[in-house]
Amino acid sequence: MAAPDRLRENSRLQGEQSRGWSAWKRAMVPPDSDGRNLEPRGPGQVGYMSSSIETALGNLAELCGIYEWKAVGTRRNQPTFIVYVGSTCVRRKPQKLGSRIIRYCKYGNHKKDIINEALARGSDMNCGFA
């Protein structure tokens, strides 16, 4: 019997399973966070965004791609869970991965309620992309 596929968000994938994916990048943090490279999110949004997410995108920023959002519990007994998986390559005119991720960081887009709730509860929002 073949081994079951391991989910990227639940493990450290190796070899073929991890090809093309970035490491998880800390993109948004709760409102009580402090540290360097933090800037306010857009109007009415909870927490801060990490300005280093733009640098982390590197050459992928200008391409279309796949992205994942993961809420990472930073307090005791907080779970880690995937919030959303999406692609910028599905429309007639593909969008740039970098601008899509930055819009999520600043405004939450159509997942803003879930993202704001996770940040208000003290979770970090991490992003992975390929």
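Let's start with a charged pair: K96 and E62 form a salt bridge, with their closest N and O atoms 2.9 Å apart (a salt bridge here is a side-chain nitrogen of Lys or Arg within 4 Å of a carboxyl oxygen of Asp or Glu). This pair links distant parts of the chain, since K96 sits in the loop between β5 (81-87) and α2, E62 sits in the loop between α1 and β4, and 34 residues separate them. Helices (H or I, at least four residues) and strands (E, at least two) are DSSP runs, numbered from the N terminus. K96 counts as partly exposed because its relative accessibility is 42%, while E62, at 53%, is exposed. The cut-offs behind those words: buried is under 20% relative accessible area, exposed is over 50%, and partly exposed is in between (1.4 Å probe, protein chains only).

A word on what you're looking at: this is a predicted model, where local features need pLDDT of at least 70, side-chain atom pairs count only at pLDDT 80 or more, and totals for chains, interfaces and linings use all residues. Residues are numbered from 1 along each chain as its sequence is written, and side-chain values use heavy atoms, with hydrogens and water left out.

Back to the charges. The whole structure has 3 salt bridges. Another one joins R26 to D124, with the closest N and O atoms 3.3 Å apart. Here the partners are 98 residues apart, R26 in strand β1 and D124 in strand β6. D124 is buried, at 12% relative accessible area, whereas R26 is partly exposed at 42%. Then there's E117 with R121, whose closest N and O atoms are 2.9 Å apart. E117 is partly exposed at 42%, and R121 is exposed at 54%.

Leaving out residues up to four places away in sequence, S50 touches R26, A27, N37 and L38; contact means heavy atoms within 4.5 Å. S50 counts as buried because its relative accessibility is 8%. Its side chain makes a polar contact of 2.7 Å with that of S52 (a pair of N or O atoms within 3.5 Å; within protein, one must be able to donate a hydrogen and the other to accept it, and residues adjacent in sequence count only if both atoms are side-chain atoms).

Now for the nonpolar side of things. The largest nonpolar core has 21 residues, and those with the most contacts inside it are I53, W69, I101 and M125. Such a core is a set of buried Ala, Val, Leu, Ile, Met, Phe, Trp, Tyr and Cys residues joined through side-chain atoms within 4.5 Å. Helix α2 gives the largest share, 5 residues. Take I101: setting aside neighbours within four places in sequence, I101 is in contact with I53, L57, Y67, W69, C127 and F129.

Finally, the rings. There are 4 aromatic pairs in the whole structure, meaning Phe, Tyr or Trp rings (the six-membered one for Trp) with centres within 6.5 Å; planes under 30 degrees apart count as stacked, over 60 as edge-to-face and the rest as tilted. Y67 and Y104 make a tilted pair, 5.5 Å centre to centre with 55° between the planes. Y67 lies in strand β4 and Y104 in helix α2, so the pair ties together parts 37 residues apart in sequence. Both Y67 and Y104 are buried. Y84 and Y104 are tilted too, with ring centres 6.1 Å apart and planes at 40°. Ring pairs link Y67, W69, Y84 and Y104 into a cluster.
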